[in-house]
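Please read them alongside the sequence and structure shown here.

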Amino acid sequence: MTGRGTEAPAVGRAVPMPVGWGVSADAYRSSRHATGFARLGGRYREASRLPHKLTIFGSRVALVAVDPNNLHRGTWKIVEPAAVESFVSLFVRRWTDATDPRRNGVPEVVLTPREKALVALLAEGHTDTSAARELGMSTRSVTYALRALMDRLGVENRFQLGLALGAMQAASPPRNSPPVEGEDR
């Protein structure tokens, strides 16, 4: 399987490249990587156990790390067709058993208490300014908090953020009560 960061140039050149990776303890980072890689047209999965560091090029060449715990020690280049075919078969079996860390496209993200409060206020119809006032923070801090959430969830705009947060059930749906006259919302 291949390492993070090395796939983007190949995928950008329309080289098909599925990527498998060991399960990360950091669900945010792995789902962000999977989302970014998917935007490039790549496919990404994680498995609880991987046999070894493995990179396969066009079913013709396999590179296997000499020491999976120290990639600077080098790789073995395998070109024997039967051996490469065995590695491809191993990869396909591992790929089939692996999972997408985004779990149906919704990354697992835990909101901080401040983020929960902000999302709840925005779901009720507050503007950034009125939410900032309620939380005792600046409007710019609200903007930064929302941008950080968008980055963590791998979305580009507030509409997508709302959809992702709704799918995560991160906030209760807004109540159907009309705003109080004169309220800044």
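Q: Which residue forms a salt bridge with Asp67?

A: This is a predicted model, in which local features need pLDDT of at least 70, side-chain atom pairs count only at pLDDT 80 or more, and totals for chains, interfaces and linings use all residues. Residues are numbered from 1 along each chain as its sequence is written, and side-chain values use heavy atoms, with hydrogens and water left out. A salt bridge is defined as a side-chain nitrogen of Lys or Arg within 4 Å of a carboxyl oxygen of Asp or Glu. With its closest N and O atoms 3.4 Å apart, the partner of Asp67 is Arg73.

Q: Is Arg73 buried or exposed?

A: Buried means under 20% relative accessible area, exposed over 50%, and partly exposed in between (1.4 Å probe, protein chains only). Asp67 has a relative accessible area of 18% and is therefore buried. Arg73 stands at 55% relative accessibility, so Arg73 counts as exposed.

Q: How many salt bridges does a search of the whole structure find?

A: Side chains of opposite charge can pair when their charged atoms come close. One of the pairs here is Asp67 with Arg73, and another is Asp151 with Arg147. The search of the whole structure gives a total of four.

Q: How many residues apart are Arg158 and Asp128, which form a salt bridge?

A: The closest N and O atoms of Arg158 and Asp128 are 2.9 Å apart. Helices (H or I, at least four residues) and strands (E, at least two) are DSSP runs, numbered from the N terminus. The pair links distant parts of the chain, with Arg158 in helix 7 (residues 158-167) and Asp128 in helix 5 (residues 128-135), and the separation is 30 residues.

Q: Why are Asp151 and Arg147 separated by about one helical turn?

A: Asp151 and Arg147 form a salt bridge in which the closest N and O atoms are 3.0 Å apart. Asp151 is partly exposed at 40% relative accessibility, and Arg147 is partly exposed at 32%. The separation is about one helical turn because the two residues, both in helix 6 (residues 139-153), are four residues apart.

Q: What is the pattern of the protein, read along the sequence?

A: The secondary structure comes to seven helices and five strands. Read along the sequence, these elements follow the pattern α-β-α-β-β-β-β-α-α-α-α-α.

Q: Which residues does Leu118 touch, not counting residues up to four places away in sequence?

A: Contact means heavy atoms within 4.5 Å. With residues up to four places away in sequence left out, Leu118 touches Ala131, Leu135, Val142, Ala145 and Leu146.

Q: Why do the buried residues of helix 7 line one face of the helix?

A: The buried residues of helix 7 are Leu161, Ala164 and Leu165. On the other side of helix 7, Phe159 and Leu163 are exposed. The arc is that of the directions from the helix axis to the C-beta atoms. Seen down the axis of helix 7, the buried residues line one face because they fall within an arc of 95 degrees.

Q: Which side chain does a polar contact of 2.9 Å join to that of His126?

A: His126 lies in the loop between helix 4 and helix 5, and at 10% relative accessibility His126 counts as buried. A polar contact is a pair of N or O atoms within 3.5 Å; within protein, one must be able to donate a hydrogen and the other to accept it, and residues adjacent in sequence count only if both atoms are side-chain atoms. Among the buried residues of helix 5 are Asp128 and Ser130. The side chain joined to that of His126 belongs to Ser130.
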